[in-house]
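Please look over the model below before reading my points.

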Amino acid sequence: VGSHFGSSCRPPSLEGGRCKAMSGGAARARPGRMLGLRSLGSPRLVVWLLLAKRAAGALVPVSALPLRTRGRHVVDSHGAPVHLACVNWYGAHLEQMVSNGLNVLPLPNITSGIVRLGFNCVRLPYSLDLVFGVPPRVPNEHISLAANPDMKGRSPLGVFDATLEALTSAGLLVILNNHVSSAKWCCGGEDGEGLWYTDAYPEEAWLNSLTLMATRYKADPRVVGFDLRNEIRPSLGKTPTWGTGGPSTDWRAAAVKGGERVAAVKDMLIFVSGLHYSIFLCDVPRHPIHVGLPALSGRTVYTAHEYSWYDSNLSAYHDVGRGVSWWYLSALSGWCACMLSARALRACLRRCPRAAAASTLALEGARRSRARIPELNFCPAGRCRPSLEVLGAQAAAAAFYAALRLGDRFADPCSADGGVWLRAGAALGLSGLLSLGLWARLLLRVCQAADRPEARSEGPPRAGVPTARTLGRWRTLPDSPVHEHELEALGEGKQQPAEPHEGAPTPPPLDMWVAISLVSFLLAFGAIATAFRRLGSYAVFADELDRRWGFLLAGDQDASAAVAPVWLGEFGTDQNDAWWLNMMRYARERSLDFAYWPLNGEKRTNEGETYGLLMEDSRSVRHTWKLKAMQALITAPPH
């Protein structure tokens, strides 16, 4: 679907609904006329026109601008909800100082291609180096601008101007994003870019840059929003807070100052990042920005980012629990196999009396070698009952199950620290090992029952064949290995066996051990398997996001501290896996405004961007499954 879109034909919305499709001849599409495959010459072109028609309906007309907020929605100037279906197009915040793709494709082809993919908006990151002219010229412009020679000789900010103008001329909305201060890749814990200020650019420089950029694009109505700063996170030995702490850590206070600077220049939306890589908005209801501040009321949109590796303490606990429970289930499966083997062992020993006798001698010989194998006598005089053994194993399994569920109650969904992995691993690992230890004890008891003489043979012994009942009662055994002729001599009764102690309790039969143990196994395995499946379910995924930031979308009140628009400003992957499917479902069910990361085919020159929608030629689609999912999300009806 849409595998190539680098055509010179512009979208119908910009040319009165007409488009030329060249396939051996010119075919003109007229408004309101259905075209057949023969007239176009290719089914792909039919799909292209359908995408173009879909995109035309998604673009926001200038007459509906500026955008505002109401309750949890972004609305146009007439009060109608607007769905922001955006894509990130980065590169200007990197050392190259220009957006990726300008080295392989003319700028108009890229911007018109974004429209044909179905998006109506672009998040455009930049650095403060670009704003303040560091460096004054585009580095290696003969490479980064190879397909756009008319841009050579311009400053990085001049190229940014041309890029933005081409986007808005194509009918796209633009959301500016101050990604970093110094031009570099983002984002890491040690890059010094986690706060809104750095050593090179203090807070006042950041505020001035917001004013400069808002003023620069004040006349362009399609520049509809300003994402003040990307992924606030611990940096420079400081941990940012929301509404608490001093001026150097209170991101809410800084965002209010930055938002008021922008609002004083241009009527546009103010996008405010959450804490810790934009995954936490938990403190917004206590210290809101979107209510109580006249300059920002009706303009504030909060920003969340999500990737498969982003974890809170709660989601980390779930991840550890899922891994440990998988290990636990694997061990229980092995336990079941051994249990069934014990039952099969008894049947085998009944059919092979000579093997039964040899195994008894081997077992008794091992028990005499205490320096090598300790005695495994858990129940002296056979007083243990199967019910007690099974209850112990079941209780341990229940404790492990409870430990899996403890995370929902005690793990904090609004914080993230590396220690949670150790704490969760210790709690779940120890409880799992204790539980499996009791299951192993139960298995050993069953094996002991299978090894009892009465479990090995039935009826009178055959002449000349030693039996387990006879061999299992010798008071003494030779220290040296027993040879076959000695085994036959023992079987002829040359030594007198010891008589069993009268009144000794009769151990439970093996069949009872096996039956009760297997029922217990099925109950425990079923409970832990249910917990394992739940930890990987969409319900748990949605609950984690709801508790981090999705709770702000629950409601339609026009003015409430607990209800506000949330824009999923970044999310992306290169795997069509469970995380992606869950993320797509969550976005559809919550009718999320979003910006996929990224459009790019390249991360840097000659370095592919595996998360990108496009290939390195900025023309071919990298993953068709991803594009189909994005287009389904764009056209999904609101919930």
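**Notes on cavities and a helix contact**

1. The structure holds two cavities of 30 Å³ or more. A cavity is a set of points on a 1 Å grid over the protein atoms alone where a 1.4 Å probe fits but cannot get out; lining residues have an atom within 4 Å of a point. Volume is the space filled by probe spheres set on the points.

2. This is a predicted model: local features need pLDDT of at least 70, side-chain atom pairs count only at pLDDT 80 or more, and totals for chains, interfaces and linings use all residues. Numbering runs from 1 along each chain as its sequence is written, and side-chain values use heavy atoms, with hydrogens and water left out.

3. The largest cavity has a volume of about 50 Å³. Its lining includes Gln96, Asn103, Ser144 and Glu602. By class, that lining has one nonpolar, seven polar and one charged residues.

4. The second largest cavity also has a volume of about 50 Å³. Among its lining residues are Trp89, Ile110, Leu599 and Leu614. The classes here are four nonpolar, five polar and no charged.

5. Turn to helix 17 (residues 538-548) and helix 18 (residues 578-589). Their axes (lines fitted to C-alpha atoms) come within 10 Å and cross at roughly 60°.

6. Which residues of helix 17 meet helix 18? They are Tyr538, Phe541, Ala542, Leu545 and Asp546. Contact means heavy atoms within 4.5 Å. The contact residues divide into seven nonpolar, one polar and three charged.

Methods: Axes are lines fitted to C-alpha atoms, for helices over the stretch in contact, and angles run from 0 to 180 degrees between N-to-C directions. Helices (H or I, at least four residues) and strands (E, at least two) are DSSP runs, numbered from the N terminus. Ala, Val, Leu, Ile, Met, Phe, Trp, Tyr, Cys and Pro count as nonpolar, Asp, Glu, Lys and Arg as charged, and the others, Gly among them, as polar. On a 1 Å grid over the protein atoms alone, a cavity is a set of points where a 1.4 Å probe fits but cannot get out, and a pocket is an open set with protein on both sides within 12 Å along at least five of seven lines; lining residues have an atom within 4 Å of a point.
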